[in-house]
Amino acid sequence: MKILVATDGSKASLAAVQYAAQLAVALRTKDRVTLLSVHDHLAFKHVKRFVSKGAIEEYLRDLSEAELAPARAAMDQSRVKFDIEIRQ
């Protein structure tokens, strides 16, 4: 069974990550849990004239990494294997 958890750094998403880890343990699944962070770069449309696309992508990646940090820590603590997907 594959488990996908969307994360945004909120308490609710962290609770979902913890639940997914518990579920993976309870089901004894050999699949990995996937943590997903998605940010829409279209919100930065107005600044693209002043800031490079690469700078925007780097900012969004840094933002995703920061939001994923608590989820990553929870998964590390649970010892459940997991992957991270960052999409823009």
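**Exercise 1.** At what angle do helix H1 and helix H2 pack, and how far apart are their axes?

The model is predicted: local features need pLDDT of at least 70 and side-chain atom pairs count only at pLDDT 80 or more, while totals for chains, interfaces and linings use all residues. Residues are numbered from 1 along each chain as its sequence is written, and side-chain values use heavy atoms, with hydrogens and water left out.

Step 1. Locate the helices (DSSP runs H or I of at least four residues, numbered from the N terminus): H1 covers residues 11-27 and H2 covers residues 53-78.

Step 2. The angle is about 20° and the axes are 9 Å apart; axes are lines fitted to C-alpha atoms over the stretch in contact, and angles run from 0 to 180 degrees between N-to-C directions.

Step 3. H1 and H2 are therefore roughly parallel (an angle under 35 degrees).

Step 4. Leu14, Val17, Gln18 and Ala21 of H1 meet Pro70, Ala71, Ala74, Met75 and Ser78 of H2, where contact means heavy atoms within 4.5 Å.

**Exercise 2.** Which residues does Met75 contact, leaving aside its neighbours within four places in sequence?

Step 1. The partners of Met75 are Val17, Ala21, Val33, Leu35, Val80, Lys81 and Phe82.

Conventions. Helix = DSSP H or I, 4+ residues; strand = E, 2+ residues; numbered from the N terminus. Parallel < 35°, antiparallel > 145°, perpendicular 65-115°, else oblique.
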